Amino acid sequence: MGPQSTPDLSTAPSPLSLSTVAVVGLGTMGTGIAEVLARAGREVIGIDTDEAAARHAVTTLEAATARAVQRERITERERQDILARFRTFTDLQAAADADLVIEVVPEDYELKRQVFAGLDAVVRPDTILATGTNALSVTRLAADSQRPERVLGVHFFNPAPAMKLVEVVSSVLTAPAAVAAVTDLAHDLGKDPIAVGDRPGFVADGLLFGYLNQAAAMYESKYATREDIDAAMRLGCGLPMGPLALLDLIGVDTARTVLEAMYAESQDRLHAPAPILGQLAEAGLTGRKAGRGFYTYDAPGSGTAVPDAESPVAADELAGGRTVTGVGVAGSGTMASGIAEVFAKAGFKVVLAARSLEKAEKAKARIAKSLGRSVDKGRMSAEARDTALAAITPAGSLDAFADVDLAVEAVAEDLAVKQELFTTLDKVCKPGAVLATTTSSLPVVACARATSRPEDVVGMHFFNPAPAMKLVEVVRTVLTADDVHATVRAVCAKVRKHPVDCGDRAGFIVNALLFPYLNNAIKMVEEHYATLDDIDAAMKLGGGYPMGPFELLDVVGLDVSLAIEKVLHAEFRDPGLAPAPLLEHLVAAGCLGRKTGRGFREYARR
């Protein structure tokens with residue numbers, strides 16, 4: 001075909017209404033995309049060389065629409081119309097009349113290239129060709145096609161009917177009109193599209209897979225169990241799934257492919273696939289689809305995990321522990337008062353010590369307000385509130401800790417301050433008392449060494465706000481006694497918190513996985529790859545995160561975030577962990593987040 005007959009998509013308006021869409025590859029994702037399109041009134045041509053896959057796609061759509069009728073979301077007539085709009089074929093020739101073709105075949109470049117070559121010979125000159133890849137080069141696929149200006153990426157998230165995010169990926173060759181047409185389609189489908197450039201992982205997976213990789217490496221190093229890693233990220237960050245369970249859902253082999261592509265571009269060690277991913281993939285242990293990955297499932301394709309050799313053995317949390325009835329909490333800030341409230345509500349006698357009696361009494365007043373809100377919301381009775389408040393004794397000196405069985409410090413995140421406090425606790429507390437630090441980033445052993453009884457010292461990292469957050473990271477040093485560890489786990493159970501065990505290294509579990517992810521989000525903005533709003537939207541809509549990374553950074557505080565990043569970088573010496581310069585510049589300028597009215601965004605001052 002000569003150049004005169006090729007439409008100029010670079011200047012034309014949206015080339016088509018995209019009323020007929022072909023989906024090539026009817027696996028889980030392709031079937032989900034076909035359902036979304038058919039429900040939105042598009043004529044859908046499903047193409048798969050495997051007749052069984054095509055039949056399964058039809059069966060899946062029939063079942064999904066039947067459930068929708070049962071739930072009164074659509075009528076039976078609407079269901080029949082949807083089913084009539086979805087036709088399946090085994091030959092690419094069926095795409096001849098499509099306005100848009102979306103390929104979602106397996107992540108193999110040669111396979112995708114062959115699909116695009118076949119489509120080039122079949123479709124109209126103005127038909128837009130979209131790849132569903134999240135790891136391979138859209139630009140390379142476009143360059144190898146006959147009309148690169150009509151090739152782009154359209155990345156749906158699984159399950160496609162439920163997930164709102166769609167990343168629309170343009171290469172340097174893509175015509176703006178093609179991008180506009182696909183973006184308009186995404187809006188018509190009820191999705192939230194964001195425009196991104198061509199690089200492995202795009203926005204959501206570009207941030208997500210680095211985090212998943214670090215979690216796999218953490219598990220491989222035997223730093224923490226798979227159950228504790230997953231529980232820590234669910235309970236500490238509010239994520240819908242833990243990282244290792246998510247890797248099993250995505251597919252260990254798929255994750256490895258994405259990471260290989262990311263590392264090839266970035267050369268960032270954080271993207272170099274953890275060896276365990278290769279070992280599992282080579283063994284065929286690719287996750288849920290194989291019935292085994294990081295976890296074992298009751299059948300291939302099932303999401304129900306079953307016990308295996310790595311499953312934790314149920315044990316009596318109190319075995320070998322020390323008796324705790326009285327608890328001392330040192331500090332007067334939000335965290336100290338929150339922790340004191342947690343212990344008082346659980347029936348412990350609490351001494352709340354601050355630098356002055358006045359500060360301690362103000363902290364108790366803060367607890368009274370918090371408990372009052374719980375009563376107002378019907379979460380506790382007025383009698384229970386009064387009992388909890390009566391259990392708290394404010395004090396202006398650590399001398400009041402003489403009889404406590406457990407002392408918990410929640411003072412400023414400054415090692416010198418904490419060491420001085422532990423020296424005092426060593427003198428004041430009775431023999432056998434457990435001494436705990438709530439540090440989130442400092443070495444617990446450095447606090448232990450400030451005492452004459454380092455075996456009694458342990459980390460108890462509560463999360464803010466302590467009354468609401470269920471997680472406690474229990475941090476053992478190389479010197480912590482077994483019965484001290486047992487005592488703290490038993491106490492966590494009594495205050496209805498979920499303990500996870502970890503060793504004494506920077507970031508423990510949650511911060512060691514969370515802050516590199518936040519740092520990488522900042523780097524995306526520095527590189528002008530995506531905007532704050534698009535990145536936040538991508539992680540909330542595509543990853544199910546309760547907050548986007550920049551929302552979270554502004555809540556945590558940019559100064560706090562920078563301090564944690566520096567600790568992680570100093571501990572692990574990985575160049576990829578070096579704090580993003582933009583974060584350092586904002587902190588230097590006094591833009592610390594919500595608390596100062598300005599961080600990555602501006603906030604109305606209270």
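1. Val169 stands opposite Val196 in β8. The two strands involved, β7 (residues 165–170) and β8 (residues 192–197), pair in the parallel sense over 6 bridges; pairing here requires that DSSP finds at least two bridges between two strands. Helices (H or I, at least four residues) and strands (E, at least two) are DSSP runs, numbered from the N terminus. Together with helix α6 (residues 176–188), β7 and β8 make a right-handed β-α-β unit. Right-handed means that, with the strands pointing away from the viewer, the path from the first strand over the helix to the second runs clockwise.

2. This is a predicted model, in which local features need pLDDT of at least 70 and side-chain atom pairs count only at pLDDT 80 or more, while totals for chains, interfaces and linings use all residues. Residues are numbered from 1 along each chain as its sequence is written, and side-chain values use heavy atoms, with hydrogens and water left out.

3. The protein chain averages a pLDDT of 94, and 96% of the residues score at least 70; pLDDT is the predictor's confidence in each residue, from 0 to 100. Over residues 1–15 pLDDT stays under 50, and the model has 23 contacts for them beyond four places in sequence. A contact means heavy atoms within 4.5 Å. Where pLDDT is low, the predicted coordinates should not be read in detail.

4. An open sheet of 8 strands shows mixed pairing, in the order β13-β12-β11-β14-β15-β16-β17-β18. β13 and β18 (498–503) stand at the edges with a single partner strand each, so one side of each is left without a neighbour in the sheet. From one strand to the next the twist averages 25°. Within this sheet, β14 and β15 run parallel and are joined by 4 bridges. Val408 has Ala436 in β15 as its bridge partner.

5. Helix α8 (residues 226–237) lies across β17 (471–476) and β18, and runs at about 125° to β18. For such angles, axes are lines fitted to C-alpha atoms, for helices over the stretch in contact, and the values run from 0 to 180 degrees between N-to-C directions.

6. The salt bridge count comes to 31, the rule being a side-chain nitrogen of Lys or Arg within 4 Å of a carboxyl oxygen of Asp or Glu. Lys430 forms one with Asp405, the closest N and O atoms being 2.7 Å apart. Lys430 lies in the loop between α15 (415–428) and β15 (434–437) and Asp405 in the loop between β13 (392–395) and β14 (406–409), so the pair ties together parts that are 25 residues apart in sequence. Asp405 is buried, at 11% relative accessible area, whereas Lys430 is partly exposed at 30%. Buried means under 20% relative accessible area, exposed over 50%, and partly exposed in between (1.4 Å probe, protein chains only).

7. In the salt bridge of Lys418 with Glu409 the closest N and O atoms are 2.8 Å apart, and both residues are buried. Arg476 and Asp482 meet in a salt bridge at 2.5 Å, N to O; Arg476 is partly exposed, with a relative accessible area of 27%, and Asp482 is exposed at 58%. Elsewhere, salt bridges that share partners join Asp99, Arg124 and Asp126 into one network.

8. Ala400 is placed in the loop between β13 and β14. With 36% relative accessibility, Ala400 counts as partly exposed. Not counting residues up to four places away in sequence, Ala400 touches Val351 and Ala395. The C-alpha atoms of Ala400 and Val36 are separated by 64 Å, with the two residues 364 residues apart along the chain.
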